[in-house]
Amino acid sequence: MTDPLLVQAIFKGDFNEIKNLLKENVDINYQDEEKRSPLHAAAFKGDANITDFLIQKGARINIKDSKWLTPLHRACKSGNEDAVNVLLKYNADTNARDKNWQTPLHVASCNNAYKCAEALLASSPTSL
């Protein structure tokens, strides 16, 4: 099965095509057989503008795939600090757990995504 046109446009970075597809009422929260959404793709790719645009158009920020990974987990896994910052701006759940009980901070740390880890830590309220 091929990816839907919206996911293809996200991976190409074709912002105009994304806008056109959304005008045609393409499902912004479509999930593939592994329950990955277009926002998962944008966060993984690390395109902050597309990530921001999708959220503004109604993409579910804390949507989980079949492994319970959120777009924030995906952005941290690929070390995309810009996408992490956009997701944090819209209050992505920094404490979301995947099936292995890992938070986005665990994922960032395991993937040497130091800038992502710093952004996550900076967004967390201090509790001393």
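**Cysteines and a pocket**

Let's start with Cys 110, which counts as exposed because its relative accessibility is 57%, over the 50% cut-off. Keep in mind as you look around that this is a predicted model.

Now turn to Cys 76. With a relative accessibility of 0%, Cys 76 counts as buried. For Cys 110, the nearest cysteine sulfur belongs to Cys 76 and is 11 Å away, and Cys 110 is in no disulfide. Cys 76 has its closest cysteine sulfur in Cys 116, but the 4.9 Å between the two sulfurs is too far for a bond.

The largest pocket holds about 200 Å³ of space. It is lined by 13 residues, and those closest to its centre are Phe 11, Asp 32, Arg 36, His 40 and Ala 41, a handy set to pick out on your screen.

Which helices each supply at least two residues of that lining? They are helix H1, spanning 5-12, and helix H3, spanning 38-45. H3 gives the largest share of the lining, with four residues. Sorted by class, the lining of the largest pocket has seven nonpolar residues, four charged ones and two polar ones.

Methods. Residues are numbered from 1 along each chain as its sequence is written. This is a predicted model: local features need pLDDT of at least 70, side-chain atom pairs count only at pLDDT 80 or more; totals for chains, interfaces and linings use all residues. Side-chain values use heavy atoms; hydrogens and water are left out. On a 1 Å grid over the protein atoms alone, a cavity is a set of points where a 1.4 Å probe fits but cannot get out, and a pocket is an open set with protein on both sides within 12 Å along at least five of seven lines; lining residues have an atom within 4 Å of a point. Grid points are joined across faces, edges and corners, and a volume is the space filled by probe spheres set on the points. Ala, Val, Leu, Ile, Met, Phe, Trp, Tyr, Cys and Pro count as nonpolar, Asp, Glu, Lys and Arg as charged, and the others, Gly among them, as polar. A disulfide is a pair of cysteine sulfur atoms within 2.5 Å. Buried means under 20% relative accessible area, exposed over 50%, partly exposed in between (1.4 Å probe, protein chains only).
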